[in-house]
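Dear colleague,

Please find below the structure that I am handing over to you. My notes on it follow.

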Amino acid sequence: MFGVGKRGDLARVIRSYGKRVLLVTGGSSFDRSDLCQTLLSSLLAQFELRRIRVSGEPSPQLVDDAVAEFSVWQPDCVVAVGGGSAVDAAKAIAGLLPTGHSVMDYLEGVGRGEVYRGPSTPLIALPTTAGTGGETSMNAVLSQVGSHGFKKSFRHELLVAKTIILDPELTLACPADVTAACGMDALTQLLESYLSTTASVMTDALALSGLACVRDSLLAAVEQGDDVSARAGMLYASSVSGLTLANAGLGSVHGLASPLGAFFPVPHGVVCGTLLHAAVRQNMMLLKGVPDGAAALEKYAVAGRLMLNQPLLSGDEARDGLLALLATWSERLAMPRLSAYGITDDDLPRIVAHASGGMKTNPVRLTDEQAIELLRTRL
């Protein structure tokens, strides 16, 4: 469901499942939003409701603790109202409530390798930020931050939300800096999935429609936060980016974002915002020396013409214009450098050694040295 006021349909959707509701929200953003508080009052008057707050990126321990606390109660549905962290936590919790299992049974790469077979408690998702598109994807991203940390997915099609309510008014309370970082995440996901080596005509069509919305909406959503039309454009772009990443994969920025977010307290959207220009510039340079790089370079040109809204540009003009736009936006949106989070040159080899799947679908394969150099440009 998409549109202003669509949150008003939530109670009807919940009633189709029952009376017991487990509400998953952000740590404080939900409480700061008058619209969310009105929504909460409505739910409390109609349903038996319990609530979980998610502060920061969700950890496996948070998920397991929630499952242990509420699996005996067995809610009829889980409702996520929040940003990507709340939605990801809700997906994982909903997937484990019926059995009471630990998420470490299923977490990719670091878990026990067991096969998830469900069932999952029905999930209803109402995002309050526009960035991750987590409401449309089947993976719940969980993090353990620290020197031996990880950022991995619990992934299964049964985790996909049964109902998604995209109400742009719910994003109006999102602060400018969070709106900027989330918006750069959506932009990165759309552009990387468009350039992915496993992209298709369908993911291309979705990615291009999302990029057009980012072009028209991102700066206005950040700088005129009460612009509902801009908020709607970014909410659409974000949700579509969840579909494109799930079906086409991503690129080097997201490949490096996993260890960056695991080892250091750097928000995911900030990683995207600070690395995107440098990553696109590096890809373009390397593709010129690859025999089959012409197709990917032409896709960058298509994206450049779209983002600049200048369909008659030559390939070189469009690519140069795209790079200039990304550099300008990164500066205008005040994307911090990686060193602001304690990352040093000595950390780069370890980060690259733990880079994840996005590197495999990047339009050109990067050596470790090239990936280190990409990170170094943003220290």
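Leaving aside its neighbours within four places in sequence, with which residues is histidine 268 in contact? They are Glu57, Lys151, Asp185, Gln189, His254 and Ala257, where contact means heavy atoms within 4.5 Å.

This is a predicted model, in which local features need pLDDT of at least 70, side-chain atom pairs count only at pLDDT 80 or more, and totals for chains, interfaces and linings use all residues. Residues are numbered from 1 along each chain as its sequence is written, and side-chain values use heavy atoms, with hydrogens and water left out.

Histidine 268 lies in helix α10 (residues 268-287); helices (H or I, at least four residues) and strands (E, at least two) are DSSP runs numbered from the N terminus. With a relative accessible area of 18%, histidine 268 is buried, since buried means under 20%, exposed over 50% and partly exposed in between (1.4 Å probe, protein chains only). Its side chain makes a polar contact of 3.1 Å with that of histidine 254. Such a contact is a pair of N or O atoms within 3.5 Å; within protein, one must be able to donate a hydrogen and the other to accept it, and residues adjacent in sequence count only if both atoms are side-chain atoms.

Of its 379 residues, 58% count as buried. The C-alpha trace spans about 60 × 45 × 40 Å along its principal axes.

Yours sincerely
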